[in-house]
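Dear colleague,

Please find below the structure that I am handing over to you. My findings follow directly after it.

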Amino acid sequence: FFYSQKKKQHAHTTRTTMSITQRLGRQLYLPSLHLWYRPIGQVVSSSTAYRVEIGMTDRGLQDLGDISAISRMKKVNDTIETGDNLLSMDWDGHFITSADELYHTVWETISGTYSLKSPVSGKIDYMIDGDDVVDEDEVLVTL
């Protein structure tokens, strides 16, 4: 996050960073984690704390496959740090194990668990229920 409006000097470029208030309501992406986050407003009791919604990108959901279960690894009102595990998602998928010259394909079902890590620190305000359907617009956690 860049919270100042100072100009950042790089090798041959100059760019102006956005303040958090300029980012309010915008969906921002963390491609390495396949997550998006959206600052949605200030916490009433603080002038420096902001509420942030977190979800998964369409690409992240495609990579996971079918989500069969979601388990909370933290509770609402817990204070968390950047990188803490928030949700555990069990998933199922398929991949080709073999094929012959006549294109007879053998598929194998695989399954695994994905841990959703927090991109920011804060206090958990909302977490998705395990029975909800997850899509790219779904808010999974609000801090």
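Thr142 belongs to strand E12, which covers residues 141-142; strands (E, at least two residues) and helices (H or I, at least four) are DSSP runs numbered from the N terminus. Thr142 is buried, its relative accessible area being 7%, where buried means under 20% relative accessible area with a 1.4 Å probe, protein chains only. Leaving out residues up to four places away in sequence, Thr142 touches Arg51, Val52, Glu53, Lys123, Ile124, Asp125 and Tyr126; contact means heavy atoms within 4.5 Å.

This is a predicted model, in which local features need pLDDT of at least 70 and side-chain atom pairs count only at pLDDT 80 or more, while totals for chains, interfaces and linings use all residues. Residues are numbered from 1 along each chain as its sequence is written, and side-chain values use heavy atoms, without hydrogens and water.

Beyond its neighbours within four places in sequence, Leu116 is in contact with residues including Leu35, Met56, Leu140 and Val141.

Overall, the protein has two helices and 12 strands. Of its 143 residues, 29% are buried.

With kind regards

Methods
Buried < 20%, exposed > 50% of the residue type's maximum accessible area, 1.4 Å probe, protein only.
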